[in-house]
Amino acid sequence: MQEQHPIYDMVVIGGGINGVGIACDAAGRGLSVLLCEKDDLASHTSSASSKLIHGGLRYLEHKEFRLVREALAEREVLLSKAPHIIRPMRFIMPHEPHLRPAWLIRTGLFFYDHLGKREQLAGSNQVEFSSINSPLHAEITRGFEYSDCAVDDARLVVLNAMQAKELGAKVLTRTQCLSAKTENGVWTVKLENSHGESVVRAKVLVNAAGPWVAEFLQQNLKQKSPYGVRLIQGSHIIVPKLYDGDKAFIMQNDDQRIVFAIPYLQDYTLIGTTDQEFQGDPNHVEITQHEIDYLLDVSNDHFKVQLTQDDIVASYSGVRPLCDDESDNPSAVTRDYTLSLTQVEGAVALLSVFGGKLTTYRKLAESAMTLLKPYFEHMRGVWTAAAKLPGAEHLVSLDILKLNILEQIQNLDDNTAERWTHAYGSRVWDFLKNIHNVDELGQHFGCGLYAQEVDYLVEHEWARTSQDILKRRTKLYLKFEEESVQVLDKYLISLRERRLKKEVA
Ligand SMILES: Cc1cc2nc3c(=O)[nH]c(=O)nc-3n(C[C@H](O)[C@H](O)[C@H](O)COP(=O)(O)OP(=O)(O)OC[C@H]3O[C@@H](n4cnc5c(N)ncnc54)[C@H](O)[C@@H]3O)c2cc1C
């Protein structure tokens, strides 16, 4: 007799922001969902972004009004869904009259202020720079200021995955989808992970494989991709803090592109991004010398502090999986998303995601569910706009939360309390519940990372390796010594062995 594999309503391929966003929305509407991610959650494009929840001022120049309107409105929706990992930020645009006239910027900012609903974020205004206090070159004397938000991109993904799981979804990381075919009106999906191969069945398959979306269709499903995908590489450099204060700068470059300088993790400035065609393997994207020179030049053209390559503390790169609109210029390719719903063998649904931004992931997921409504008649309606993400529940104020942490945990340093407040919000009590002193937090790996937090990340956030923890869950990798990384790796191996023994027993 043929083995009966479980049938899910939906199997989602890809644990980037779009995959987890759809899985979460679907689970909250009562669908049974399985999501598989071949690596760690957010290990590709979704952790390599500029980390902004923004309308995209420059997209107005490319007449992307639909996208900008939706993205502008999403800023405040997401801000109240996850105020611990998203914060309002003011952006300063130094005026460069030879690049864009003042009237053009003013018109753009007028639209930016009014196109989408805005209640919490302040509107735009003009600014003057004093030559002594300004971090910019003395000849830059005026500019404009407007609001957007900064986000911890990888944590936005993890929090959506957690919410999906809490709503009943099964989330399998380090599990690759090898193939899927239709049989008797359902998908038979073959998965592979360290335990071997397995099969699940699904009524609907969602291809949210990001940079692999077209390759997955062609190679794993043997289907023709309905759209072309342009892979556009973007890179960032991280340097010691270029200036004091919590505002970001949006710098215009001679090639008409813009580059951000964003305050990052208290001690650093994040500078990016670039736009260049990418032809290689999206598993291995690295900053090029050309990109490094480009970003350093733009920064040095604007800031008094002159950077060299030696100042770069770290860099990262990702590829945007954009829907090909045949633009000649990589910066001009549409940043909007396109969803493709096809019926394989006349009945079985396959939904593929092309493009999309972190900022619009929630709306993208809602649109996906609207398209899939005919397959799930009893599915519940929209719900995500007002729902808090994990850690935002019962959160009165981040300052009060931090004070409460410092009050409860004797001898805890301020930086760690601050980091926990912004990473975990109210969920911090899940690992601090019975702890009253730093001594009770277990082994200290450095930089305020203790066993109690590591255990929580393994247990609740799918962390497995030191890189999962240091790069994506905590961002401590910028400060961590190599020796401490090895100690953490050893601890994680022994933790996994202990967990395995427990499972067997
Ligand atoms: C340089 C740069 C800057 C950006 N800045 C911003 C910004 O500031 N704000 C903003 O809103 N957006 C920004 N974006 C856009 C945003 O980051 C992306 O649109 C978004 O992260 C794409 O998410 P995704 O889920 O589609 O792809 P990904 O995050 O790449 O996720 C796809 C996942 O699918 C998995 N996968 C693939 N094949 C399989 C398989 N067979 N089985 C299992 N898993 C599989 C991959 O491992 C991957 O993790 C930026 C993008 C870049 C590159």
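**Entry 1**

I began with E277, which counts as partly exposed at 35% relative accessibility; buried means under 20% relative accessible area, exposed over 50%, and partly exposed in between (1.4 Å probe, protein chains only). The model is a predicted one, in which local features need pLDDT of at least 70, side-chain atom pairs count only at pLDDT 80 or more, and totals for chains, interfaces and linings use all residues. Residues are numbered from 1 along each chain as its sequence is written, and side-chain values use heavy atoms, with hydrogens and water left out.

I then looked up the partner of E277. The side chains of R230 and E277 form a salt bridge at 2.7 Å, N to O, the term standing for a side-chain nitrogen of Lys or Arg within 4 Å of a carboxyl oxygen of Asp or Glu. R230 lies in strand 11 and E277 in strand 15 (residues 276-277), so the pair ties together parts that are 47 residues apart in sequence. Strands (E, at least two residues) and helices (H or I, at least four) are DSSP runs, numbered from the N terminus. R230 is buried, at 11% relative accessible area.

**Entry 2: Further salt bridges**

I searched the whole structure and noted 36 salt bridges. R155 lies in helix 4 (residues 153-166) and E461 in the loop between helix 11 (451-460) and helix 12 (466-473), so the pair ties together parts 306 residues apart in sequence. Both belong to a network of salt bridges that also links D40, R174, D468, R472 and R473.

I also recorded the salt bridge between K38 and D39 (2.8 Å, N to O). K38 is partly exposed at 24%, as is D39 at 26%.

**Entry 3: The ligand**

I turned to the residues around the ligand. Of the 38, E37, S46, L52, G356 and T359 come nearest; a residue is included if one of its heavy atoms lies within 4 Å. A nitrogen atom of the ligand is 2.7 Å from a polar backbone atom of L52. An oxygen atom of the ligand lies 3.2 Å from a backbone N or O atom of I17. Taken alone the ligand exposes 1000 Å², of which the protein buries 97%; accessible areas come from the Shrake-Rupley method with a 1.4 Å probe.

Which strand gives the most to the shell around the ligand? Strand 16 does, with three residues.

Methods
A polar contact is a pair of N or O atoms within 3.5 Å; within protein, one must be able to donate a hydrogen and the other to accept it, and residues adjacent in sequence count only if both atoms are side-chain atoms.
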